[in-house]
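With the model open in your viewer, please follow the stops below in order, making each selection before reading on.

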Amino acid sequence: MGYNMMYPFSAGDLRDSAQVLYNYLEGSSSVKIPWDDLRYIFGEIMYGGHIVDDWDRRMSQKYLIYFMRDELLDEIDMIPYAEGKLSWPSPQPAPHEKYIEHIETMPPESPLFFGMHPNAEINFRTAQCDKVFDLLTTLSGGGGGGGDGDDDASMSPMAIAQMICDEILEEVNEKRFPTDDVGRSMSDEE
């Protein structure tokens with residue numbers, strides 16, 4: 001979503017937020033959806049409690065103001081900052097399966113999602129490729145060596161990994177755990 005740092009959002013946060021939303025709406029006798037209350041609960045407590053950067057907090061608030069409003073239930077553009085270059089409307093009321101189908105039609109991620117120029121992705125992809133190739137160079141051993149007689153230096157990364165796995169398996173195979181005794185003691189307790 002364009003945050004300045006990684007936050008520990010989890011599926012549990014989403015599940016809990018959905019439960020809070022359900023409880024809040026079911027407990028309300030009002031016909032009007034309390035968007036201000038929900039924005040505060042989600043933006044300051046549920047997810048906002050994780051956010052520590054002021055700019056990230058401002059961005060989160062802007063997204064909540066844009067998405068959490070009555071027009072969401074009609075039809076609004078779910079990509080607010082693309083300025084007409086990319087569009088994906090909110091789903092119409094339907095069964096759960098239709099929402100899943102609608103989510104699968106979402107366009108691929110693009111800098112336009114965040115109001116950035118399409119070329120903004122070029123620098124990101126260049127840096128990403130540099131990291132991948134640095135990692136590949138490290139894994140491949142960096143290109144040859146003098147062969148000073150060290151066996152590990154002349155072995156491929158896969159051969160080294162296989163050797164380490166074999167050593168671990170050899171050590172673990174020597175251990176005998178009393179699984180039969182544990183199983184019997186568990187059945188005796190029941």
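**A tour of the predicted model**

Begin by selecting helix H1, which with five residues gives the most to the lining of the largest pocket in this predicted model. That pocket has a volume of about 1700 Å³, and of the 36 residues that line the pocket, Leu14, Phe67, Met68, Leu72 and Met78 are the closest to its centre. Coloured by residue class, the lining divides into 29 nonpolar residues, six polar and one charged.

Next, select Ile33, Trp35, Leu38, Ile41, Phe42, Leu64 and Met68, the seven residues that make up the largest nonpolar core; H2 supplies the largest share of this core, four residues. Centre the view on Leu38, whose contacts, leaving aside residues up to four places away in sequence, are Leu21, Tyr24, Leu25, Ile33 and Met68. Another core, of six residues, lies apart from the largest one and includes Ala82, Leu86, Trp88 and Leu112.

Finally, turn to the aromatic rings, which form four pairs in the structure. The ring centres of Phe9 and Tyr47 lie 5.2 Å apart with their planes at 70°, so this pair is edge-to-face; it links the segment before H1 to the loop between H2 and H3, across 38 residues.

Technical notes: Residues numbered from 1 in each chain as written. Predicted model: local features only at pLDDT ≥ 70, side-chain atom pairs only at ≥ 80, totals over all residues. Heavy atoms only, no water. 1 Å grid on protein atoms, 1.4 Å probe; cavity = no way out; pocket = protein on both sides within 12 Å on 5 of 7 lines; lining within 4 Å. Points joined across faces, edges and corners; volume = space filled by probe spheres on them. Helix = DSSP H or I, 4+ residues; strand = E, 2+ residues; numbered from the N terminus. Nonpolar A, V, L, I, M, F, W, Y, C, P; charged D, E, K, R; others polar. Core = buried A, V, L, I, M, F, W, Y, C linked by side-chain atoms within 4.5 Å. Buried < 20%, exposed > 50% of the residue type's maximum accessible area, 1.4 Å probe, protein only. Contact = heavy atoms within 4.5 Å. Phe/Tyr/Trp six-rings, centres within 6.5 Å; stacked < 30°, edge-to-face > 60°.
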